[in-house]
Amino acid sequence: RSKKKNVMHDLILDPQIRNWVLVPIVLILFLIAILRHNISLFLRSERPTPLSAIRDRQLLIRSTRLRTNGSYLPPSSASSRQAHYLSTLTELIETAPPAPDALSANPMMDPSNMIEMMKGNVTMVVPQLLMMAWISYFFSGFILVKLPFPLSLQFRGMLQRGVEALSGSLDVTYVSTLSWYFLTLFGLQGINSLVLGEGNGADETRLMQQQMNMQMGMMGGGMGGAQDMKKVWSVEKENLELMAGKWALRDVERRLVYGKKVKKNK
């Protein structure tokens, strides 16, 4: 069909291209995703959380729950728990180590975190380089599929990579090999999540997010690093001291029966 300036040609695609190029690319990308996931699991090193950190976290959680729901406990029980947590927080504040400086608090300055990030980059970059080299060497200039719906000219640069010399005479709906590779690479994320689970080692978006967090951490210094636990415990102690001692379940039986607030007995 002809237009004012360019002549758009319809191509007849050989079915063998589907069998020997399109389907193998999809299968190989899926198998590489499984391989990357298993390699990432093999390279991942789990560092156990210190027992003291777990104890401190649980103490803050229990203290917060007491401040939130302490009014539903009998006054004697709430007071005894309050005294126990205040005593424990006081001991922790007195024995707390000094606050870390901004440089040491930055998690990106930890060599172990840098090594973990390098492992993730290797499992992401190396397979992509090999796949792009393989596709560029064996299938350069191939037109794989024709999309069954019309598209505007703005999609030409995305769908016809590697065949720019022919893109002026091709309809926008034709997809080149290199463009099909990128579409399949990101399009298989849903299938990878179903097969390998959420947050798998082949999740491109998760790895990109980790790289962005690393760059933000390096630019932001100590932001997001280790907390000053002495300050956290001091704030929690002040909030716990201000906990109201009113019992919310006083005369609850009469209120339930009569459906109104009962005056407190003298």
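Arg67 and Glu236 form a salt bridge, with their closest N and O atoms 2.9 Å apart. The pair joins distant parts of the chain: Arg67 lies in helix H2 (residues 51–69) and Glu236 in helix H10, 169 residues apart. A salt bridge here is a side-chain nitrogen of Lys or Arg within 4 Å of a carboxyl oxygen of Asp or Glu. Arg67 is partly exposed, at 29% relative accessible area. Glu236 is buried, at 7%. Buried means under 20% relative accessible area, exposed over 50%, and partly exposed in between (1.4 Å probe, protein chains only).

This is a predicted model: local features need pLDDT of at least 70, side-chain atom pairs count only at pLDDT 80 or more, and totals for chains, interfaces and linings use all residues. Residues are numbered from 1 along each chain as its sequence is written, and side-chain values use heavy atoms, with hydrogens and water left out.

How many salt bridges does a search of the whole structure find? The search finds 2. Besides the Arg67 and Glu236 pair, Asp56 and Arg55 meet through their side chains at 3.1 Å, N to O. Asp56 is buried, with a relative accessible area of 11%. Arg55 counts as partly exposed, because its relative accessibility is 47%.

Now the overall layout. The protein has 11 helices and 2 strands. Helices (H or I, at least four residues) and strands (E, at least two) are DSSP runs, numbered from the N terminus. From the N terminus on, the order is α-α-α-α-α-β-α-β-α-α-α-α-α. Of the 266 residues in the protein, 29% are buried.

Helix H10 also packs in another pairing. The axes of H3 (residues 75–94) and H10 come within 9 Å and cross at roughly 155°. H3 is therefore roughly antiparallel to H10. Axes are lines fitted to C-alpha atoms, for helices over the stretch in contact, and angles run from 0 to 180 degrees between N-to-C directions. Angles under 35 degrees count as roughly parallel, over 145 as roughly antiparallel, 65 to 115 as roughly perpendicular and the rest as oblique. The H3 and H10 crossing is left-handed. That label applies if the near helix is turned anticlockwise from the far one by less than a right angle; clockwise gives right-handed.

Ser234 sits in H10 (residues 229–241). Its relative accessibility is 23%, so Ser234 counts as partly exposed. The C-alpha atoms of Ser234 and Ile93 are 6.9 Å apart, although 141 residues separate the two along the chain.

The crossing of H1 and H8 is right-handed.

Next, helix H5 (residues 111–138), which holds Ile135. Is Ile135 buried or exposed? Ile135 is buried, with a relative accessible area of 2%.

Finally, the surface. Tyr72, Leu249 and Val252 make a nonpolar patch of about 260 Å². Patches are made of residues with over 30% relative accessible area and no salt bridge: like charges are joined within 9 Å, nonpolar side chains (Val, Leu, Ile, Met, Phe, Trp, Tyr) within 5 Å. Accessible areas come from the Shrake-Rupley method with a 1.4 Å probe; for residues, only the protein chains shown count as cover. Val252 lies in helix H11 (residues 252–258). Val252 is partly exposed, at 35% relative accessible area.
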